[in-house]
Amino acid sequence: MSLPKLTRLLAGAQRHQRLLLPSVTPLSVSRRAVIQGEYRRPGKAKEHKYPWQRINFDLNKGLEGIRKNFLLLKKEFFDRWVGPEGKPIIEHMLELNRVVWEFRGPESLEQWALSCDREIGGESEVHLKMGRNNSTCFLHGTLVSTPPKDGETRYSGYCTMRSKQQLASFDRKKHFDWSSFNTLHLRVRGDGRPWMINIATETYFSHQRDDIYSYFLYTRGGPYWQDVKIPFSKFFLTHRGRIHDSQHPIWLDKVNTIGLTLGDKADGQFQLEIDFIGVCKDNAHTEDFAYESYKRNPEV
């Protein structure tokens, strides 16, 4: 074969290779598939800041923070001598009911945070205030399921009320220990809408920080209060609104927060009045977990 003919064949092969390369799926895996990055809402610009640029260097704030943390450390130290969470050990062992959140004044609302789709360009509104005689909390607002016109968001229409993460001294996470109880107890008065109760627990890995346990709260409407008791065995594991294939019970001794979410796609006003949120021990309930647990490598 002559040299000019060989050169033409090689050039033709290279040209066909360039045409085929764009249609071939690359073998490399994207960074987000390997390491899940921080979630960024659609339409929100990415922040190009170094970690130290987010710190507020204020001397007065630092001194006040040191004083607050040492007071919390002192309380933790002396509570250990009394018993778990500062209660006598006998009272802790015989405790069958515990009120965790009770709304008896405006200061009790500071333990909660509100969120809705207005943060991503939606039109919903949510408000929280004290009820009559400052003895209940009143959650109300307007739900609008029309998605924002940003070209990215496909679904909208949610309102959320969530408890703030409790902190111990030096900004350490403070967990609720509900291992002695098996049922969540709420006293509410709603307008007939279905809500979702979300419980967030401590996780092993950082990519599990959006894992929450969820179950339904059905309000019947009307002027009468209803006592709702939901066993912890009924809660199922979800991740950003999607149900996990692998289910397992709640880690009850490492509970971080609890929340209530409305997203029933029924546009209009809503209201929910809450008296208290607590936990209790129902000796008649013997179920450990309501869902099947699958093992990838079953034991022989």
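Modeller: Happy to! Let's begin with Cys 159, which counts as buried because its relative accessibility is 1%; buried means under 20% relative accessible area, exposed over 50%, and partly exposed in between, using a 1.4 Å probe on protein chains only. Please keep in mind that this is a predicted model, in which local features need pLDDT of at least 70 and side-chain atom pairs count only at pLDDT 80 or more, while totals for chains, interfaces and linings use all residues. Residues are numbered from 1 along each chain as its sequence is written, and side-chain values use heavy atoms, with hydrogens and water left out.

A disulfide is counted when two cysteine sulfur atoms lie within 2.5 Å, and the structure holds zero of them. Cys 137 is another buried cysteine, with a relative accessibility of 0%.

Now for the charged side chains. A salt bridge here is a side-chain nitrogen of Lys or Arg within 4 Å of a carboxyl oxygen of Asp or Glu, and the count by this rule comes to 15.

Let's visit a helix for one example. Arg 67 pairs with Glu 64, and their closest N and O atoms are 3.7 Å apart. Both belong to helix H3 (residues 59–82), and because they are three residues apart, about one helical turn separates them. Helices (H or I, at least four residues) and strands (E, at least two) are DSSP runs, numbered from the N terminus. Arg 67 counts as exposed at 52%, whereas Glu 64 is partly exposed, with a relative accessible area of 46%.

Arg 193 forms a salt bridge with Asp 191, the closest N and O atoms being 3.9 Å apart. Asp 191 is partly exposed, at 30% relative accessibility, while Arg 193 is buried, at 10%. What else does the side chain of Arg 193 reach? At 3.4 Å from it sits the backbone oxygen of Gln 269. Setting aside neighbours within four places in sequence, Arg 193 is also in contact (heavy atoms within 4.5 Å) with several residues, among them Leu 143, Leu 217, Thr 219, Leu 262, Asp 264 and Phe 270. Gln 269 belongs to that group of contacts as well, as do Ala 266, Asp 267 and Gly 268.

A further salt bridge joins Glu 287 to Lys 234, with the closest N and O atoms 3.3 Å apart. This pair links distant parts of the chain, 53 residues apart: Glu 287 is in the segment after strand E13 (268–280), and Lys 234 is in the loop between strand E9 (226–231) and strand E10 (236–239). Glu 287 is partly exposed, having a relative accessible area of 31%, and Lys 234 is partly exposed too, with 26%.

Methods: Polar contact = N/O pair within 3.5 Å; in protein donor to acceptor, adjacent residues only side chain to side chain.
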